[in-house]
Amino acid sequence: MNAFDLKDKTVFITGASSGLGMQTAITASEYGARVIITGRNAERLQKTFNALNGDGHMQILADLTIQEDIDRVVSQLPMLNGVVYSTGISDLFPARFISKKVIAQTFSISFEASVLLTAGILGKKKLVKGSSSIVFISSLSTRYAFIGGAMYIAAKSALEAYSRVLALEVAPWTRVNCIAPAFVRTPMLDETAVASSQNVVDKLEKLQLLGFGDPVDVANTIVFYLSDASKWISATSLVLGGGLNGQLTTSEISPPEKNSD
């Protein structure tokens, strides 16, 4: 028996139409999971769905900032062995430009969506007791701050604090953990290069002893948390930093024009 196998497990993944959510869905399917994905962009979500390995998967188009969509998603979910939250945005705002609108937008996507969806899943008792796992994708920036990241970091920090409390409330029948990646080669990083410069991205890569990670590096770690190999781990936040050895204090980074899903 392989403790890392996801065979006979059903896993629900948000933000699956791009980046880490997309790769996590693909990797989980390769490990044998039945995967249910959701995202806001129909074309990109279909692309992820087409890349899944095996049969029996499901996709649900939804905007998780809308309560009606959250309720609809929850109503369509079967019993789940795992949930992965990969929804968030990374727009950067210096402190003097933060407004109520900015706070509401960042937290509605990067914090509230996951919290309200979790409430719905728990309320409808959609998690298999005794063998289920919830994984939140946070960020290493909760440890290493960077200029302009106040809202992004605040939302991720709130998510980590929430996850620790959630772990207390759902133990011992469900495990709850976070992973905190550093810079990974995703469309979000490409947008940073366009908005700032390739030179800035090169500087960021040098801060990580092992360079930039690939989405599959993060996805493999998430598979570990979804699998029975992590059955004695909960209320943690695992750093995936590539050996980060410097503060992310560069003021040269410009905000990406696009949001992640």
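Is Arg44 buried, partly exposed or exposed? In this predicted model, where local features need pLDDT of at least 70, side-chain atom pairs count only at pLDDT 80 or more, and totals for chains, interfaces and linings use all residues, Arg44 is partly exposed, with a relative accessible area of 33% (buried means under 20%, exposed over 50% and partly exposed in between, with a 1.4 Å probe and protein chains only). Residues are numbered from 1 along each chain as its sequence is written, and side-chain values use heavy atoms, with hydrogens and water left out. Arg44 lies in helix H2, residues 42-51 (helices, H or I, of at least four residues and strands, E, of at least two are DSSP runs numbered from the N terminus), and its C-alpha atom is 9.1 Å from that of Met22, 22 residues apart along the chain.

The axes of H4 and H5 (lines fitted to C-alpha atoms over the stretch in contact, with angles from 0 to 180 degrees between N-to-C directions) come within 9 Å and cross at roughly 15°, which makes H4 roughly parallel to H5 (angles under 35 degrees).

Notes:
Parallel < 35°, antiparallel > 145°, perpendicular 65-115°, else oblique.
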